[in-house]
Amino acid sequence: MNLPSLHIGDLVARLPIVQGGMGVGISLSGLASAVANEGGVGVIATPMIGMYEPDRATNPEEADLRALKREIAKARELSDGVIGVNIMCALTNFAELVRTSVREGIDVIFAGAGLPMDMPAHLPQELREKAHTKLVPIVSSGRAAKLICKKWLKRFGQLPDAFVVEGPKAGGHLGFKPEQLDDPDYALEKILPQTIETVREFEEVAHRPIPVIAAGGVYTGGDIVRFMDMGAAGVQMGTRFVATEECDADIEFKKAFVNAGKEDMRVIQSPVGLPGRAVGNSFLDKVRDGLLKPHKCPYKCLASCPQEDGPYCIAKALMNAKRGLLKHGFAFAGANAYLVDKIVTVKDLFGSLKEEAERYKVDATRRYTEGARQYLEQMQDGATRYKQGAKQYLEQVQSEASRRTESARQYLDQVQEEAARRTENARQYLGQMQEKVSTKLHDYLPERMQTDPEKS
Ligand SMILES: Cc1cc2nc3c(=O)[nH]c(=O)nc-3n(C[C@H](O)[C@H](O)[C@H](O)COP(=O)(O)O)c2cc1C
Ligand code: SF4
């Protein structure tokens, strides 16, 4: 089965698969270009993108923007496909990262970890009308999508080009309260149709489609088909791209996925105030047990971070993890990370996803045909039972009718018999009466009259 292409306005990806941006440093130009070469949307993650720049601590803005430009240029060198960036709203340099990405001609910006209410305000003035960059907020509900649409329309007279709706099975920071993570009301299967329905109202205003991309727990090609059958224009996947050769993380980070069991998957409370999903390890045990020492805030990278008052610096922990130093950090991971059993190339991964999608379609057709056959059998069974029931009912009605006819006939016979008996009684009674009358007359009239009736 051929997966359809993903259209975001005039931007077209050959396949409906967006590789989710993964910080810190997990998806850079290496992974993004490999995904774009296979026909998906490759996404460069921007948190702490300038981590290897010598002046990241002293000159954070320039260091990050320099690294961002370099990563975009590298990805462009390696691929002609669709390349995007992921910029977390919580980053202190969100506005500059948006502006620079647009100036660098990035195809699409995904903005999550908060609602990008003012994103269009950060477009470079000179490019506001003609920038081809697509703006795609990441949300966790239809309500959030509606808030963004209303705000953008009112303030900027424009609407997002698409949305990613991310469910609670995703990796990294999650847009849900901890108690909502296992609540079926917040499952991707619920929030996807709600978001599609909300966005549909605004498509009428925009006179164009606003595609909705499903994310969080999409793992197999079958999942891709399933969510697209529910109305998604495509899917965003993170976890499955971590265990690829081209993923920009150290091999130890990828091995953490390969070696994880279901029991290792853990939801943590990030210092930035959001829950996050990760592979549990000794570092996270120390965080849980309050064993980490006070720390410095070297980069001032997140607006919502308590900085030195937090239990640890998450930027440093994630940078350590990216470098493979998992004793001093941890790996963010989606709920399905324990299913990963080997590291493959991005090409092979796309091959598997297409095969799985194909198999799912064939299985779905088989399941559908089997379901239809069973339904038909049930219907035929029902019809036979109904016919049998009707025949029995008719027989009962007929026998009841002949029973009643018979008793009516017997009753009629009895009535006739009784009538004949009474007629006979009456007749006898009349005879007796006549006899009595003539006896009386005989006694009463003079003998002469009895012999000479002429004289009487
Ligand atoms: C290691 C890792 C890091 C992530 N970092 C970010 C990030 O920096 N910004 C973001 O918006 N999403 C981030 N995510 C979420 C992914 O982009 C993606 O939407 C999500 O993982 C999809 O769910 P899946 O992992 O089940 O496929 C991260 C996910 C992982 C696994
Ligand atoms: S303490 Fe917080 S703001 Fe400071 S560098 Fe670490 S993650 Fe960034």
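**Notes on the predicted model**

1. Let me start with A113, which is buried because 24 other C-beta atoms lie within 10 Å of its own, and the cut-off for that class is 20 or more. Please bear in mind as you read on that this is a predicted model. A113 sits in the loop that runs between β6 (108-112) and β7 (134-139). Its phi is positive, about 50 degrees, even though A113 is not a glycine. As background, most residues other than glycine have a negative phi.

2. You will find H207 in the loop between α5 (188-206) and β10 (212-215). Is H207 buried or exposed? H207 counts as exposed, because it has 6 C-beta neighbours inside 10 Å and the limit for that class is 12 or fewer. So A113 is buried, whereas H207 is exposed.

3. One peptide bond deserves a look on your screen. G23 and V24 are joined by a cis peptide bond, with omega about -5 degrees. V24 belongs to the loop between β3 (17-19) and α1 (29-37). For context, most peptide bonds are trans.

4. Now back to the loop between β6 and β7, where M117 is also found. M117 counts as partly exposed, because it has 15 C-beta neighbours inside 10 Å. If you want a distance to check, the C-alpha atoms of M117 and A162 are 14 Å apart, and the two residues are separated by 45 residues in sequence.

5. Which residues point which way from β7? K134, V136 and I138 point one way, while L135, P137 and V139 point the other way, and all are buried.

6. What does β7 pair with? One partner is β6, in the parallel sense and over four bridges; here L135 in β7 is the bridge partner of I109. Another partner is β8 (residues 163-166), also in the parallel sense, over two bridges. In that pairing, I138 has V164 in β8 as its bridge partner. In general, strands of a sheet pair through backbone hydrogen bonds, either parallel or antiparallel.

7. There is an antiparallel example as well. Three strands form an open sheet in the order β9-β13-β12, with antiparallel pairing. Its edge strands are β9 (172-173) and β12 (265-269), each of which pairs on one side only. Between β9 and β13 (residues 275-279) there are two bridges, in the antiparallel sense. Within this arrangement, G172 stands opposite R277 in β13.

8. G172 turns up again at ligand 1. Of the 30 residues around ligand 1, those that come nearest are G20, G171, G172, G238 and G334. The elements that give two or more residues to this shell are β5 (82-88), β11 (234-237) and α7 (239-242). By class, the shell around ligand 1 holds 14 nonpolar, 14 polar and two charged residues.

9. Ligand 2 has a shell of 13 residues, and C297, C301, C305, C313 and A315 come nearest. By class, this shell divides into nine nonpolar, two polar and two charged residues.

10. How do α6 and α11 cross? Helix α6 (residues 221-229) packs against helix α11 (residues 346-444) at an angle of about 60 degrees, and their axes are 6 Å apart. The two helices are therefore oblique to each other, and their crossing is right-handed.

11. Finally, please follow α11 to R409, which lies in this helix. R409 counts as exposed, because it has 10 C-beta neighbours inside 10 Å.

Key. Residues are numbered from 1 along each chain as its sequence is written. Chains are lettered from A and ligands numbered from 1 in the order in which they are written. This is a predicted model: local features need pLDDT of at least 70, side-chain atom pairs count only at pLDDT 80 or more; totals for chains, interfaces and linings use all residues. A residue is near a molecule or strand if its C-beta atom, placed from the backbone, lies within 6 Å of it. Ala, Val, Leu, Ile, Met, Phe, Trp, Tyr, Cys and Pro count as nonpolar, Asp, Glu, Lys and Arg as charged, and the others, Gly among them, as polar. Two strands pair if DSSP finds at least two bridges between them. Axes are lines fitted to C-alpha atoms, for helices over the stretch in contact, and angles run from 0 to 180 degrees between N-to-C directions. Angles under 35 degrees count as roughly parallel, over 145 as roughly antiparallel, 65 to 115 as roughly perpendicular and the rest as oblique. A crossing is left-handed if the near helix is turned anticlockwise from the far one by less than a right angle, and right-handed if clockwise.
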